[in-house]
Amino acid sequence: MQNFYYSVALPTPLRQLFTYHSSTKIAPGSRVAVSFNRRNLVGFIIKSCPKPNFKTIEIKEILDKEPTFDNESFQTLIWIANYYHHSIGEVFNNFLPPKLRKINFVLEKIANSETNTQVIKGSKTYDLTPDQKNVISQIQQSKGFDPTILHGVTSSGKTEVYLQLTEKFLKQDTSIMILVPEISLTPQIYERFRSRFKGNIGLYHSKRTDKERFECWQDCKSGNTRILIGTRSSLFLPLQKLGLIILDEEHDPSFKQHEGVRFSSKNVALKIAQDRDIPIVLSSATPSLQALELVDSKNYKFLSMPTRINGDLPPSFILHDTRTATKKAGIDISLFPIIQKTIDRGKKVLIFLNQRGFAPLLSCNACSWSALCKNCSVKLVFHKEDNILLCHKCQKKYEVPKKCPQCSSGKFHYFGVGTEQIESELKNEFKEIPLIRFDLDTTRKKGSLEDVLKKISDSNSAILVGTQMIAKGHDFSEVELGIILNCDQGLISHEPNAIEKLSQLLIQVIGRVGRSGTSKVIIQTDYPDDKNLNALKEGNYLRFSRYLLGEYKRLKLPPYVSIALIRTKSKDLNASMLFLRDIRSTVEASTNAHCIGPLPAPLNKIKNLYRNYLLIKDKDLIETHKTISKINAAIGKTIEDKKIQWSIDLNPSDYS
Ligand code: ADP
Ligand code: ZN
Ligand code: ZN
């Protein structure tokens, strides 16, 4: 019997293909079941190949009646694996709904399905403002791949633009993909689409069940779903006749995946749009420096909606010197009367602090002991409601000790403040006012996010306390006062992109606040003279980001240079330092790149694995790819250390 030979990608970190045979012809992009090192794995057919001169194993089962990935997606996925220097099998696996990752799941041919996605008659639409009209007509005029960076301040009517664009693209018989950075943003936008369009609207993210995710995948494939809303994992859902991609909150670091395939959804979405020759909109109230640089260097379209729909001015922005302040739950007590006045006027107060839990540190009063995680190099956070100490990195829970493990003293002190503490202190201070906490702990359970959002919209005066979740894209009404508590961390951070991230966060918080002339945002800081904070105070993000771009160009920071971070994780600290030193030698001997490190990562140990990195700076991405090829070639030859897990992070958004 004739055999066919195939190069198969497997979901393992090994960056190579494996040869298997079968008596059947199989199309590239199909899933197959194979045996690998005595394990059964789902593999992906990449290409047919000649009979090799070694013995091959037979493919156990063909799992797809037609390929899971169409040809265009297949090509883009291969590009991702090359671009991010990652194992092809893991890349394919990453973008499958969980059910399709299972070895026993056979995919039958999916029948085409007719769809009637269209605007609901009588649903409320608006007469567009001149800015909205301009944006829609310019995007509609796009011919093929034509990226638009859309700057629109909060409440400038961006979502309305998405809705009306969707209507126009549906009329041309194409599908529309809308990507948001976080699950917490999906309910709001999904509802807006639901109330405008009838027919199936796909909703895809990792909090949906395996069944729901598979059904969503299936509905895209059959053509039943023409509008898809989702997070980065939905990039390769098989929407038919994709005609437009909208990436909302483009600046958000959550679009970058931090584990496994470290891809940027933005880059991948751009690549998908390019491969399919369709328009793409990257939208934000605070466009990233990367996006603005693309406008300069690649002539991407730049459109702006600089005013709020209702003509409201942005709130005033006050730097509040806290160097000598007396604080309660992290808030200067001199601000309490302003909080009270806002509440008395029937308005809401928003307090932003990027730390959940009650207190981020427990330590002994008598000696130097403080509560650290046994597995990670981080302090344990005290969660009062659950009465536990929790590691926010490995999620290990610890009992709160009765006595100090070092000196047996029974007296402890809690340092620092988390959102739980603000909630409990302010409940005492401002009785009878709803206090709504919005963080990972209050939104974890299924349905609780919707509950919190509903509680916020149902109440008149209220105090909202939240972490970065509260700063993102939500539309809260009647917030007249914002207080930002720990922005100083961003000012003193050594991350190259710290000021960019801080400025986006501050402008985003401002976006949640203020309608009337009396609304304001107060930033508590010990650095009231800081140059950047004072420049930001004007509230003009675009002007500030232009100034920052100038600074980054002068300092040779991204987006004007390209960075590859080689990260290692290992039980053996010395071995990983040696591994990185070898890489540094290779780079220095064979390229013009500039290396910093090896260094311990700021979070030096997580789950008992030491983390180190080597930062490699090249003049552009092309040079970085050359450098990485040199590293890959050298690693194959010289380093056999299996104790080290390593990964490449291209232009990282996070250096922890
Ligand atoms: P963004 O997404 O930029 O925050 P939205 O699209 O949510 O802005 O618009 C803000 C508010 O203004 C919403 O309540 C929306 O329904 C309303 N809106 C949007 N466009 C218009 C318009 N052209 N005329 C009147 N109201 C509008
Ligand atoms: Zn002690
Ligand atoms: Zn831990």
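**Reading a strand, a metal site and a ligand shell**

Tutor: Let us start with strand E1 (residues 4–9), where 6 of the 6 residues are buried, so the strand is largely enclosed by the rest of the structure. Please keep in mind throughout that this is a predicted model.

Student: Which residues of E1 point one way, and which the other way?

Tutor: Phe4, Tyr6 and Val8 point one way from E1, while Tyr5, Ser7 and Ala9 point the other way, and all of them are buried. Buried here stands for under 20% relative accessible area.

Student: With which strands does E1 pair, and in what sense?

Tutor: E1 pairs with strand E2 (residues 18–22) in the antiparallel sense over 5 bridges, and within this pairing Tyr5 stands opposite His21 of E2. E1 also pairs in the antiparallel sense with strand E4 (residues 39–48), over 4 bridges, where Ser7 has Lys47 as its bridge partner.

Student: Turning to the metal, which residues coordinate the zinc ion (ligand 3)?

Tutor: The SG atoms of Cys373, Cys376, Cys391 and Cys394 coordinate the zinc ion (ligand 3), at 2.2 to 2.3 Å, and along the chain these donors follow the spacing C-x2-C-x14-C-x2-C. Cys376 lies in the loop between strand E20 (361–364) and strand E21 (381–383), and Cys391 in the loop between strand E22 (388–390) and strand E23 (397–399), so this pair ties together parts that are 15 residues apart in sequence. Both Cys376 and Cys391 are buried.

Student: What do the angles say about the geometry of the site?

Tutor: The general idea is that four tetrahedral donors have ideal angles of 109.5 degrees at a metal. In this structure the angles among the 4 donor atoms of the zinc ion (ligand 3) are 107 to 113°, and the site is tetrahedral.

Student: How many residues surround ligand 1, and which are the closest?

Tutor: Ligand 1 is surrounded by 15 residues, of which the closest are Tyr126, Asp127, Gln132, Lys158 and Thr159. Helix H4 (residues 158–171) gives the most to this shell, with 3 residues.

Student: Where does the protein make polar contacts with ligand 1, and how much of the ligand does the protein bury?

Tutor: A polar backbone atom of Ser155 is 2.9 Å from an oxygen atom of ligand 1, and a backbone N or O atom of Lys158 lies 2.8 Å from an oxygen atom of the ligand. From the side chain of Arg192, an N or O atom is 2.9 Å from an oxygen atom of ligand 1. Taken alone, ligand 1 exposes 560 Å², and the protein buries 77% of that.

Terms used. Residues are numbered from 1 along each chain as its sequence is written. Chains are lettered from A and ligands numbered from 1 in the order in which they are written. This is a predicted model: local features need pLDDT of at least 70, side-chain atom pairs count only at pLDDT 80 or more; totals for chains, interfaces and linings use all residues. Side-chain values use heavy atoms; hydrogens and water are left out. Buried means under 20% relative accessible area, exposed over 50%, partly exposed in between (1.4 Å probe, protein chains only). Helices (H or I, at least four residues) and strands (E, at least two) are DSSP runs, numbered from the N terminus. Two strands pair if DSSP finds at least two bridges between them. Donors are N, O and S atoms within 2.8 Å of the metal (3.2 Å for Na, K and Ca); water is not among the atoms, so sites may look incomplete. Four donors count as tetrahedral if all angles lie between 85 and 135 degrees; four count as square planar and six as octahedral if opposite donors are over 155 degrees apart and all others between 65 and 115; anything else is irregular. A residue is near a molecule or strand if one of its heavy atoms lies within 4 Å of it. A polar contact is a pair of N or O atoms within 3.5 Å; within protein, one must be able to donate a hydrogen and the other to accept it, and residues adjacent in sequence count only if both atoms are side-chain atoms. Accessible areas come from the Shrake-Rupley method with a 1.4 Å probe; for residues, only the protein chains shown count as cover.
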